[in-house]
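The following exercises concern the architecture of one chain and its contacts. Each task is followed by a solution in steps.

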Amino acid sequence: MLRILNKIRQTGLITEDLPRDAVLEQVGEQLRAGIARQFQGSLAIRQVDAGSCNACELEIHALNNGYYDIERYGVHFVASPRHADVLLVTGPVSVHMETALLRTYEATPAPRLVIAAGDCAACGGEFGCSYASRGAVSNVIPVDAVIPGCPPTPLALMQGLLQVLEQA
Amino acid sequence: MSHFDWLSELLARYQDEHILVRRGAATVLAPAHLLEIDPEDWGRAAQVAAGYACRWAGVWAEQRDAELTVTAALARDGDHLLLRTQVPLSTPLLPSHTPYYPGADRMERHVQDMHGVVFSDHPDARRWSRHNRWAADSYPLRKEFAADSAPLPTAPEQDYPFVQTQGAGAYEIPVGPVHAGIIEPGHFRFQAVGEMVLNLEQRLGYVHKGIEKIAEGRDAQGLARLAGRVSGDSTVHHAWAACMAMERAAHLTVPPRAQALRAAYAERERIANHLGDIGAICNDVAFAFMWQQFARLRELWLRDNAACCGHRLLMDCIVPGGVARDLSPEQVARLRSAIDPLRRELATLYPILDDHPSLEDRLATTGVLSAEQAQRLGCLGYVGKASGQDADLRRDHPYAPYDRLHVHAPVFSSGDVEARMQVRMQEILDSLELLVVLLDTLPDGAVQVPWQAPAAGSEGLGLVEGWRGEILCHVRFGADGRIARYFPRDPSWFNWPALELLIHGNIVPDFPVCNKSVNGSYSGHDL
């Protein structure tokens, strides 16, 4: 136990401020205020992989590591669409995931936001449209915002999220 | 060890069994040995190989005019033997390998769904990759099937005949395809009594994106990009396997510096994924401290990737003919200087992993895969190594630059979640060792040779030891340097079925940690 406590003490607090960027700092403050105003200080995200290669999932996971610690903004990932304010969708919507994505969308209570994360979700990416994939998420459900990148970095995901909320 | 010293014995056994080898070729798909046999001998050839301790390593098909060419891979001692036969498109009947190799089950059903090959004595002819969105009598990888065909408006997977359980107290738990966490989609059907799992059946294929079909007609660079997205966590290894296959088809030799950089990227990918997995395994048994520590180490590691190689996950760093760009001496120095700090961190964390009682309580004896089960399924990578399967291509059949390195493969016998974590722990240390050598002895010179498209009909085989285990990849070129056929075989094909076995008798709440310890790729499997 002492070793664990020692390691925690040595590691210290690693959570970083976002890059010192006037626009972003402003957005960050507005985000906190926006989440407080629109979502009672807590924004719940349900992530749906609709056919991604799993790279986007790796980077979304990273949002929970100590460096990004997205929960500090009141953002957290939930297990059920019933609890979600936002659907964060990745992948070129494989035909086999189309129905599951539609049902997840329908199960999310309004008002809801849909964010398409990654190039595949934005425009079909490397996979495009074929017998097996529908391409952009907007071909299947209404999309409120797009975060490009292959995959988007954790920072890009955070910035994208902040901007979405500023517009919402 | 001389390569293929077992082949003459197998050929003698084939002769005893009156299996006619029409043509043998050691160069067409080197380093593998290719044997052409008659379709009626297809099943017995596998039966004899199974009796001779050969591992089954994959099957794929390709339409050539009015015939389907079917190729199966067998392996022993790091050498690969390819069996090949032709069946007419009008009556594509072939004996199955599944009766002798249970690991062949799903891949044969994939070939059945994608090409329409009928495996006559397959014990389970249910569809696998087809989810009723294309017709049962149309096959996406046949030439007449257009890549942009409109999917059928069929309702989803409601009529898939899952295995049923009956009896007092037995109940079913359907999970997925959308899971509770931030992971890929797939369906798991549990039968349980109380907390205990009686049976688990997987239904995969939800992220089928038609990778094999949309690969057709691409140029070499386009295929490398696609290969880098077969499974995002294995982007380096899949891209390497595809480029290796294309370069062998084109008889192109990659410069030594590019070889070394590829291996450095590959070992960095192995370390990054193992770091993430160890943390995630701990998180699945609520040891948040370890999860955060390993997530931190992984993040630092990925940042070095971004700073030195231009991409956190190293996507598109490997291209046909070499690597996309060179590293400056400063970048090499930065990668080199990250190694010792990581070792020091691990030196304080590993002892906690090794003897933390509540961790031990949850991981040891959980999700046991016996050596016999692993061997029968042909399990690869850390799943195989944790269950006594001593195989690693980098050591057994080294490809450049591993031919000048010493690779150690950690093997355990207990086959539980703890052993699968211990393999990863040791492999991180071993990979760091390899990285030191690779970076300290980085050859000078070019990092790319110009790509030269080979003649139509040229084919090549890529074989690399990915972080999940051996990746096998077949590429055949058509006219104008365009891809005619691409088949990447991810190790997950053999590790997913292991999860169905190792969960037996465990409690439902231990499924997440068992699943994470196997960590199959959905995307790499669904294609």
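**Exercise 1.** Which residue takes a positive phi just after H3(B)?

*Solution.* The model is predicted: local features need pLDDT of at least 70, side-chain atom pairs count only at pLDDT 80 or more, and totals for chains, interfaces and linings use all residues. Residues are numbered from 1 along each chain as its sequence is written, and chains are lettered from A and ligands numbered from 1 in the order in which they are written.

Step 1. Helices (H or I, at least four residues) and strands (E, at least two) are DSSP runs, numbered from the N terminus; H3(B) covers residues 105-115.

Step 2. Just after H3(B) comes B:Gly116, with a positive phi of about 80°.

**Exercise 2.** Determine whether helix H3 of chain B is enclosed, and state what covers its buried residues.

*Solution.* Step 1. A residue is buried if 20 or more other C-beta atoms, placed from the backbone, lie within 10 Å of its own.

Step 1. In H3(B), 11 of the 11 residues are buried, so the helix is largely enclosed by the rest of the structure. Charged residues are Asp, Glu, Lys and Arg; the buried residues include B:Asp105, B:Arg106, B:Glu108 and B:Arg109.

Step 2. The cover includes S3, strand S4 (67-76), strand S7 (118-119) and helix H16 (492-502) of chain B.

**Exercise 3.** Characterise the side of chain B that touches chain A.

*Solution.* Step 1. The contact takes 45 residues from chain B and 42 residues from chain A.

Step 1. Helices H4 (211-215), H5 (220-227), H8 (288-309) and H10 (339-355) of chain B each supply at least two residues of this side. H8(B) gives the most, with six residues.

Step 2. By class, the chain B side has 21 nonpolar, 13 polar and 11 charged residues.

Note on methods. Contact = placed C-beta atoms within 7 Å. Buried ≥ 20, exposed ≤ 12 C-beta atoms within 10 Å, placed from the backbone.
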